[in-house]
Amino acid sequence: LARAIHQDSERSRQPFVAVNCASIPDTLIEAELFGYEEGAFTGARRKGATGKIVQANGGTLFLDEIGDMPVSLQAHLLRVLQERQVTPLGGGKPVSVDVQLVCATHRSLRDEMKAGRFREDLYYRINGLALQIPPLRERQDLPALVERLLAETVPGRAVRLSPALAPLVAAYPWPGNLRQLANALRTACALMDEHEEEI
């Protein structure tokens with residue numbers, strides 16, 4: 001969805017930069033987002049590094065799992081969004097940035113605010129249009145999703161679900177949502193005979 005928003009915007013010819021805030025260790029996420037100057041910390045690259053925010057300049061920055069971002073970093077992000085400037089770690093001159101921001105989370109940010117794990121001011125800064133994507137088990141387009149995923153998994157082959165498997169796939173609750181479905185289909189396709197057309 002974030003990529004579709006980017007591609008349908010005036011920024012579509014500019015960079016789309018995705019950052020999974022939950023997958024980067026707390027000790028590295030600040031350097032990853034804001035970049036750093038040479039010698040900013042032990043193990044830093046010799047010439048420093050450009051942060052993801054600057055890489056997204058002119059385009060779209062997608063912060064996936066923003067609810068997992070450390071509170072200390074949230075204040076820094078809020079300052080960047082307000083001032084539209086990024087200062088790399090270790091000093092250096094601030095760099096002006098213009099990004100379209102799209103965020104996603106599996107957490108309730110309102111609950112996270114009440115628990116003190118998400119800044120209220122940042123919440124109101126990023127909470128423009130909020131969309132809730134329903135879990136896979138509540139979607140009505142499961143057959144079309146399966147068809148598309150199979151086409152992506154085994155391009156050039158007309159692979160489909162067997163009549164015996166289709167109702168089982170439709171009835172399963174898919175707690176891992178689309179990722180779980182895609183992985184299950186990839187596994188099933190890997191176990192198929194080269195000339196089979198049904199899984």
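Arg148 and Glu152 are four residues apart in helix H7, which means that about one helical turn separates them. In this predicted model, their side chains meet in a salt bridge, with an N to O distance of 3.2 Å. An α-helix has 3.6 residues a turn, so residues three or four places apart point the same way. Arg148 is partly exposed, with a relative accessible area of 43%, and Glu152 is exposed, with a relative accessible area of 51%.

The structure holds 11 salt bridges. Another of them joins the side chains of Arg160 and Glu198, at 3.5 Å from N to O. Arg160 lies in the loop between H7 and helix H8 (166–171), whereas Glu198 lies in the segment after helix H9 (177–191); the pair therefore ties together parts that are 38 residues apart in sequence. Arg160 is partly exposed at a relative accessible area of 41%, and Glu198 is likewise partly exposed, at 34% relative accessibility. Salt bridges that share partners also join Asp68, Arg107, Glu112 and Arg117 into one network. Within this network, the side chains of Arg117 and Glu112 meet at 2.9 Å, N to O. Arg117 has 45% relative accessibility and counts as partly exposed, while Glu112 has 7% and counts as buried.

A polar atom of the Gln74 side chain lies 3.1 Å from the backbone oxygen of Arg117. Gln74 counts as buried because its relative accessibility is 0%, under the 20% cut-off. When neighbours within four places in sequence are left aside, Gln74 is in contact with Met69, Arg117, Phe118, Arg119 and Leu122.

Strand E2 (residues 60–64) is largely enclosed by the rest of the structure, because five of its five residues are buried. The cover extends to both faces of E2: Thr60, Phe62 and Asp64 are buried on one side, and Leu61 and Leu63 are buried on the other. E2 pairs with strand E1 (residues 16–20) in the parallel sense over five bridges. Pairing of E2 with strand E5 (residues 100–104) is also parallel and also runs over five bridges. Asp64 of E2 stands opposite Asn20, and Asp64 also stands opposite Ala104 in E5.

Helix H2 (residues 26–34) contains the buried residues Ile29, Ala31, Leu33 and Phe34. The elements that cover the buried residues of H2 include E1, helix H3 (52–55), E2, H4 and strand E3 (85–86). H2 is followed by Gly35, whose phi is positive, near 80°.

On the surface, Leu1, Ile5, Leu129, Leu131 and Ile133 form a nonpolar patch, and together these residues have about 550 Å² of accessible area. Leu131, one of the patch residues, is placed in the loop between helix H6 (120–126) and helix H7 (142–153). Leu131 counts as exposed because its relative accessibility is 55%, over the 50% cut-off.

How values were computed. Residues numbered from 1 in each chain as written. Predicted model: local features only at pLDDT ≥ 70, side-chain atom pairs only at ≥ 80, totals over all residues. Heavy atoms only, no water. Buried < 20%, exposed > 50% of the residue type's maximum accessible area, 1.4 Å probe, protein only. Helix = DSSP H or I, 4+ residues; strand = E, 2+ residues; numbered from the N terminus. Pairing = 2+ DSSP bridges. Polar contact = N/O pair within 3.5 Å; in protein donor to acceptor, adjacent residues only side chain to side chain. Contact = heavy atoms within 4.5 Å. Patch = residues over 30% accessible without salt bridge, like charges linked within 9 Å, V, L, I, M, F, W, Y side chains within 5 Å. Areas by Shrake-Rupley, 256 points an atom, 1.4 Å probe, with all protein chains shown as cover. Salt bridge = Lys/Arg side-chain N within 4 Å of Asp/Glu carboxyl O.
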